[in-house]
Amino acid sequence: MGFADRHADGTLDEAVIHDVLRNERRRLVLERLRDTDDEQAVGDLAEHIAEVESGESPPPRKVRQSVYISLHQTHLPKLDTLHIVTYDSSAKVVSLGTSAVELEPYLVDDTVQSPFAMLTFTTCLAGLALVFAGWMGMPVIDRVDPRLVAIVALVLVTLVTGAELGLATRGRM
(Lines give C-alpha, C1' and ligand atoms only; values in the text may rest on other atoms or scores of the structure.)
Protein backbone atom coordinates (compact mmCIF):
# COMPACT_ATOMS: atom_id res chain seq x y z
CA MET A 1 0.00 0.00 0.00
CA GLY A 2 1.48 3.29 -1.04
CA PHE A 3 1.54 6.49 0.97
CA ALA A 4 -0.63 8.17 -1.70
CA ASP A 5 -3.40 5.61 -1.08
CA ARG A 6 -4.30 7.17 2.27
CA HIS A 7 -5.04 10.59 3.71
CA ALA A 8 -3.13 11.96 6.69
CA ASP A 9 -5.84 10.60 9.02
CA GLY A 10 -5.28 7.08 7.67
CA THR A 11 -8.47 6.86 5.62
CA LEU A 12 -8.42 5.65 2.04
CA ASP A 13 -8.13 8.26 -0.69
CA GLU A 14 -11.38 8.66 -2.63
CA ALA A 15 -9.61 7.96 -5.94
CA VAL A 16 -8.39 4.64 -4.51
CA ILE A 17 -11.93 3.75 -3.42
CA HIS A 18 -13.27 4.53 -6.88
CA ASP A 19 -10.47 2.48 -8.47
CA VAL A 20 -11.34 -0.48 -6.24
CA LEU A 21 -15.06 -0.26 -6.96
CA ARG A 22 -14.61 0.30 -10.68
CA ASN A 23 -14.05 -3.44 -11.09
CA GLU A 24 -17.20 -5.59 -11.05
CA ARG A 25 -15.48 -8.64 -9.54
CA ARG A 26 -14.11 -6.61 -6.62
CA ARG A 27 -17.56 -5.11 -6.02
CA LEU A 28 -19.11 -8.59 -6.07
CA VAL A 29 -16.51 -9.83 -3.56
CA LEU A 30 -17.32 -6.97 -1.20
CA GLU A 31 -21.07 -7.37 -1.59
CA ARG A 32 -20.84 -11.12 -0.92
CA LEU A 33 -18.69 -10.60 2.17
CA ARG A 34 -21.10 -7.93 3.45
CA ASP A 35 -24.12 -10.16 2.81
CA THR A 36 -22.69 -13.25 4.51
CA ASP A 37 -20.91 -11.30 7.28
CA ASP A 38 -18.45 -14.18 7.62
CA GLU A 39 -15.24 -15.35 6.02
CA GLN A 40 -15.58 -17.00 2.64
CA ALA A 41 -13.51 -19.57 0.82
CA VAL A 42 -12.05 -18.22 -2.42
CA GLY A 43 -13.65 -21.13 -4.26
CA ASP A 44 -17.09 -20.19 -2.94
CA LEU A 45 -16.56 -16.55 -3.93
CA ALA A 46 -15.42 -17.64 -7.40
CA GLU A 47 -18.49 -19.88 -7.73
CA HIS A 48 -20.84 -17.04 -6.75
CA ILE A 49 -19.21 -14.47 -9.04
CA ALA A 50 -19.11 -16.94 -11.94
CA GLU A 51 -22.85 -17.57 -11.46
CA VAL A 52 -23.53 -13.83 -11.55
CA GLU A 53 -21.37 -13.30 -14.62
CA SER A 54 -22.61 -16.29 -16.59
CA GLY A 55 -26.21 -16.26 -15.43
CA GLU A 56 -25.97 -20.04 -15.02
CA SER A 57 -26.12 -22.22 -11.94
CA PRO A 58 -23.82 -23.99 -11.72
CA PRO A 59 -21.57 -21.76 -13.80
CA PRO A 60 -19.42 -23.19 -16.60
CA ARG A 61 -16.12 -24.60 -15.33
CA LYS A 62 -14.02 -22.26 -17.50
CA VAL A 63 -15.79 -19.18 -16.17
CA ARG A 64 -15.36 -20.36 -12.58
CA GLN A 65 -11.65 -21.03 -13.18
CA SER A 66 -11.15 -17.64 -14.79
CA VAL A 67 -12.81 -15.91 -11.85
CA TYR A 68 -10.85 -17.96 -9.31
CA ILE A 69 -7.51 -17.14 -10.95
CA SER A 70 -8.26 -13.42 -11.23
CA LEU A 71 -9.40 -13.28 -7.60
CA HIS A 72 -6.36 -15.16 -6.33
CA GLN A 73 -3.75 -13.38 -8.45
CA THR A 74 -5.11 -9.84 -8.76
CA HIS A 75 -8.22 -8.70 -6.93
CA LEU A 76 -7.85 -10.21 -3.47
CA PRO A 77 -4.17 -9.23 -3.07
CA LYS A 78 -5.05 -5.65 -4.07
CA LEU A 79 -7.95 -5.52 -1.58
CA ASP A 80 -5.77 -7.10 1.10
CA THR A 81 -2.99 -4.56 0.56
CA LEU A 82 -5.51 -1.78 1.15
CA HIS A 83 -6.89 -3.60 4.24
CA ILE A 84 -10.33 -3.72 2.65
CA VAL A 85 -10.28 -7.49 2.99
CA THR A 86 -8.10 -9.89 4.90
CA TYR A 87 -6.90 -12.55 2.49
CA ASP A 88 -5.15 -15.68 3.71
CA SER A 89 -3.66 -16.95 0.46
CA SER A 90 -2.44 -20.22 1.98
CA ALA A 91 -5.80 -21.13 3.56
CA LYS A 92 -7.66 -19.54 0.59
CA VAL A 93 -10.12 -17.65 2.81
CA VAL A 94 -11.24 -14.02 2.73
CA SER A 95 -13.01 -11.77 5.22
CA LEU A 96 -13.75 -8.07 5.44
CA GLY A 97 -10.79 -5.98 6.56
CA THR A 98 -10.50 -2.92 8.76
CA SER A 99 -10.87 -0.43 5.88
CA ALA A 100 -14.01 -2.07 4.44
CA VAL A 101 -16.24 0.27 6.42
CA GLU A 102 -14.88 3.21 4.39
CA LEU A 103 -16.49 1.77 1.25
CA GLU A 104 -19.99 1.49 2.76
CA PRO A 105 -21.25 4.86 1.47
CA TYR A 106 -20.26 3.80 -2.06
CA LEU A 107 -21.84 0.35 -1.91
CA VAL A 108 -25.49 1.21 -2.34
CA ASP A 109 -27.85 -1.71 -2.53
CA ASP A 110 -29.76 -1.11 -5.76
CA THR A 111 -32.45 -3.60 -4.80
CA VAL A 112 -33.59 -1.46 -1.88
CA GLN A 113 -36.22 0.92 -3.15
CA SER A 114 -36.89 4.27 -1.60
CA PRO A 115 -40.30 4.52 0.05
CA PHE A 116 -40.41 8.05 -1.38
CA ALA A 117 -40.08 6.69 -4.91
CA MET A 118 -43.10 4.47 -4.38
CA LEU A 119 -45.06 7.34 -2.83
CA THR A 120 -44.18 9.65 -5.73
CA PHE A 121 -45.15 7.02 -8.27
CA THR A 122 -48.45 6.31 -6.50
CA THR A 123 -49.27 10.02 -6.30
CA CYS A 124 -48.62 10.42 -10.03
CA LEU A 125 -50.80 7.41 -10.87
CA ALA A 126 -53.64 8.65 -8.65
CA GLY A 127 -53.49 12.10 -10.24
CA LEU A 128 -53.53 10.64 -13.74
CA ALA A 129 -56.42 8.31 -12.85
CA LEU A 130 -58.47 11.21 -11.47
CA VAL A 131 -57.80 13.44 -14.49
CA PHE A 132 -58.66 10.57 -16.85
CA ALA A 133 -61.83 9.71 -14.87
CA GLY A 134 -62.95 13.33 -15.05
CA TRP A 135 -62.21 13.46 -18.76
CA MET A 136 -64.30 10.29 -19.29
CA GLY A 137 -67.24 11.94 -17.50
CA MET A 138 -67.28 9.83 -14.33
CA PRO A 139 -69.98 11.20 -11.99
CA VAL A 140 -68.78 13.49 -9.18
CA ILE A 141 -65.21 13.52 -10.51
CA ASP A 142 -66.30 15.23 -13.74
CA ARG A 143 -67.35 18.24 -11.66
CA VAL A 144 -63.79 18.80 -10.41
CA ASP A 145 -61.60 20.92 -12.66
CA PRO A 146 -58.86 18.62 -14.05
CA ARG A 147 -56.37 21.47 -13.66
CA LEU A 148 -57.02 21.43 -9.90
CA VAL A 149 -56.39 17.67 -9.74
CA ALA A 150 -53.17 18.11 -11.75
CA ILE A 151 -51.98 20.96 -9.51
CA VAL A 152 -52.68 18.98 -6.31
CA ALA A 153 -50.87 15.92 -7.70
CA LEU A 154 -47.87 18.04 -8.77
CA VAL A 155 -47.71 19.77 -5.38
CA LEU A 156 -47.72 16.38 -3.62
CA VAL A 157 -45.01 15.03 -5.93
CA THR A 158 -42.94 18.17 -5.32
CA LEU A 159 -43.27 17.83 -1.54
CA VAL A 160 -42.36 14.14 -1.54
CA THR A 161 -39.40 14.69 -3.87
CA GLY A 162 -38.21 17.66 -1.79
CA ALA A 163 -38.40 15.57 1.39
CA GLU A 164 -36.42 12.77 -0.25
CA LEU A 165 -33.75 15.16 -1.50
CA GLY A 166 -33.54 16.83 1.89
CA LEU A 167 -33.01 13.51 3.65
CA ALA A 168 -30.46 12.39 1.07
CA THR A 169 -28.53 15.64 1.43
CA ARG A 170 -28.46 15.38 5.22
CA GLY A 171 -27.34 11.76 4.97
CA ARG A 172 -24.28 12.72 2.91
CA MET A 173 -23.11 15.49 5.25
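Modeller: A definition comes first: helix axes are lines fitted to C-alpha atoms over the stretch in contact, and angles run from 0 to 180 degrees between N-to-C directions. The model is a predicted one. In it, the axes of helix α2 (residues 24–36) and helix α4 (residues 61–81) lie 10 Å apart, at an angle of about 80°.

Biologist: Why is α2 called roughly perpendicular to α4?

Modeller: The term roughly perpendicular covers angles of 65 to 115 degrees. The angle of about 80° between α2 and α4 falls in that range, and therefore α2 is roughly perpendicular to α4.

Biologist: Which residues make the contact between α2 and α4?

Modeller: From α2 come Arg25, Arg26 and Val29, and from α4 come Ser66, Val67, Ser70, Leu71, His75, Leu76, Lys78 and Leu79. By class, five of the residues in this contact are nonpolar, three are polar and three are charged.

Biologist: How do you know that the length of α2 agrees with its number of residues?

Modeller: The expected span is 1.5 Å times one less than the number of residues. For the 13 residues of α2 this gives 18 Å, and the end C-alpha atoms are 18 Å apart, so the two values agree.

Biologist: What makes Asn23 a cap of α2, and what follows the helix?

Modeller: A side-chain oxygen of Asn23 lies 2.9 Å from the backbone nitrogen of Arg25, at the N-terminal end of α2. After α2 comes Asp37, with a positive phi near 55°.

Biologist: Which residues of α2 are buried, and what covers them?

Modeller: Arg25, Arg26, Leu28, Val29, Leu30 and Leu33 are the buried residues of α2. Their cover includes the helices α1 (14–21), α3 (42–54) and α4, together with the strands β1 (40–41), β2 (85–88) and β3 (93–96).

Biologist: Why is Val157 called buried?

Modeller: Buried means under 20% relative accessible area. Val157 has 17%, and therefore counts as buried. Val157 belongs to helix α6 (residues 146–172). Beyond its neighbours within four places in sequence, Val157 is in contact with Thr120, Thr123 and Cys124. Val157 and Thr123 are 34 residues apart in sequence, with 6.6 Å between their C-alpha atoms.

Biologist: How many helices and strands does the protein have, and what pattern do they follow?

Modeller: There are six helices and three strands, in the pattern α-α-β-α-α-β-β-α-α along the sequence. Of the 173 residues, 25% count as buried.

Methods. Residues numbered from 1 in each chain as written. Predicted model: local features only at pLDDT ≥ 70, side-chain atom pairs only at ≥ 80, totals over all residues. Heavy atoms only, no water. Helix = DSSP H or I, 4+ residues; strand = E, 2+ residues; numbered from the N terminus. Parallel < 35°, antiparallel > 145°, perpendicular 65-115°, else oblique. Contact = heavy atoms within 4.5 Å. Nonpolar A, V, L, I, M, F, W, Y, C, P; charged D, E, K, R; others polar. Buried < 20%, exposed > 50% of the residue type's maximum accessible area, 1.4 Å probe, protein only. Polar contact = N/O pair within 3.5 Å; in protein donor to acceptor, adjacent residues only side chain to side chain.
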